[in-house]
Every structure is written in C-alpha cells, then in structure tokens.
Amino acid sequence: MSISTTSGRSSVARSTACSPSPASPKTRIRLLGWGMTCEDGNECPEPPVTLRELDSEIIPDKRCTGIDAAGDICSAHPTKKAQSRILDSGGPMVRKIRARWELVGVTSRDGNEKTDPSCVGPGVWTDAAAYKGRIRRTAGIGAPCPMAVVGRDN
C-alpha cells in the first residue's frame, strides 16, 4: 500500500472475532498492509515498518481476471500509487458498520495479472463470509455475530 495513516498508526484495532457477513459491489472498504511502497524491490529494498491503510471499494467480479465468484472479492485501486502490493498478502479488508469495523476479506492477489502483471489495477481478496463456517469452527466461536474490529470514528 502506498498511503499511510497520520502518525503511522492504523485507525483499526482488533476486538471480538465473530462471523463475517457478505459484502457487495460499491461497498466502501479499507485495506491494511505492510507491503512494499514501490513497484520494484530494488527501488526500496528494505521492508516497510509502517502499517498502511487505503480506502477503496468493492467492484463487480467481472473487473478481475481468474476470480472465483464463490470465494473471492474484487476491489478497485483508486490510483496507480495507491494499491495493494508485494508483501500485503494476508492483510485484512474491512468495512465500517456504524462505529465498528468488520472483516470482509483477506488480501490474495493481483486482479488483472494477465493484462498488467505490475499489480496496477483491481485486486482479489478472499471473501471471509464464504469461509465463515470454517472461521467459526477454527476460532471456537459458537453463535454467529458480526466480525468486527473497533477503531477511531473516521
């Protein structure tokens, strides 16, 4: 990601883990990651030390190549300099619902690697709601409730 928060601290903090709920195109989301801030590792060889965040939105599946509609989410990258990059994989995609943050997806891969292998364009995230049963079993969560993270109100 190439946009950081003020003070270098993320505005999203973890709270109770529960089952995620589905999201649809035009849903406003926030991406978090520790990824590279340059296109080529030779330009910035040291790994980043600041957690970065980027506001974006979910876009229709047809905008991403090789997407599995049953388990993936396609997300826009607002600009060429603001996108998920190398080392962001596994980072969360969250959305704000009232004053809480809810897990939506997990950073997976480039969304148009066949047409632009430089990671410029849409991205693919694993849809957390598609795996909520497994998440609940693995985390030992009994009754469903929103998977939320609490943060500043911004």
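1. Arginine 95 belongs to strand E5, residues 92-97 (helices, H or I, of at least four residues and strands, E, of at least two are DSSP runs, numbered from the N terminus).

2. A word on what you are looking at. This is a predicted model, in which local features need pLDDT of at least 70 and side-chain atom pairs count only at pLDDT 80 or more, while totals for chains, interfaces and linings use all residues. Residues are numbered from 1 along each chain as its sequence is written, and side-chain values use heavy atoms, with hydrogens and water left out.

3. Which residue does the side chain of arginine 95 meet in a salt bridge? The partner is glutamate 102, at 2.6 Å from N to O (a salt bridge is a side-chain nitrogen of Lys or Arg within 4 Å of a carboxyl oxygen of Asp or Glu). Both glutamate 102 and arginine 95 are buried.

4. By the salt-bridge rule, the count comes to five. One of them joins the side chains of arginine 30 and glutamate 53, at 3.2 Å from N to O. Arginine 30 sits in strand E2 (residues 28-33) and glutamate 53 in strand E3 (residues 52-59), so this pair ties together parts that are 23 residues apart in sequence. Arginine 30 counts as buried at 6% relative accessibility, and glutamate 53 counts as buried at 9%. Take a look at Asp55 too: Arg30, Glu53 and Asp55 are linked in a network of salt bridges.

5. Next, find aspartate 72, which forms a salt bridge with arginine 109, their closest N and O atoms being 2.9 Å apart. Aspartate 72 lies in strand E4 (residues 72-75) and arginine 109 in strand E6 (residues 100-110), so the pair ties together parts that are 37 residues apart in sequence. Are these two residues buried or exposed, or in between? Aspartate 72 is buried, at a relative accessible area of 11%, whereas arginine 109 is partly exposed, at 34%.

6. E4 pairs with E3 in the antiparallel sense over two bridges (two strands pair if DSSP finds at least two bridges between them). Here isoleucine 58 stands opposite serine 75 in E4. E4 also runs antiparallel to strand E7 (residues 123-127), and four bridges join them; aspartate 72 stands opposite threonine 126 in E7.

7. Now for the nonpolar side chains. In soluble globular proteins, nonpolar side chains tend to be buried together. In this model, the largest nonpolar core has nine residues: Ile29, Leu31, Leu54, Ile58, Ile73, Ala82, Met93, Val104 and Trp125 (a nonpolar core is a set of buried Ala, Val, Leu, Ile, Met, Phe, Trp, Tyr and Cys residues joined through side-chain atoms within 4.5 Å). E2 and E3 are the elements that give two or more residues to this core. A second, separate core has five residues, including Ile59, Cys64, Ala76 and Val124.

8. Leaving aside its neighbours within four places in sequence, valine 104 is in contact with residues including Ile29, Ile58, Ile73, Met93, Arg95 and Thr126 (contact means heavy atoms within 4.5 Å).

Key. Buried < 20%, exposed > 50% of the residue type's maximum accessible area, 1.4 Å probe, protein only.
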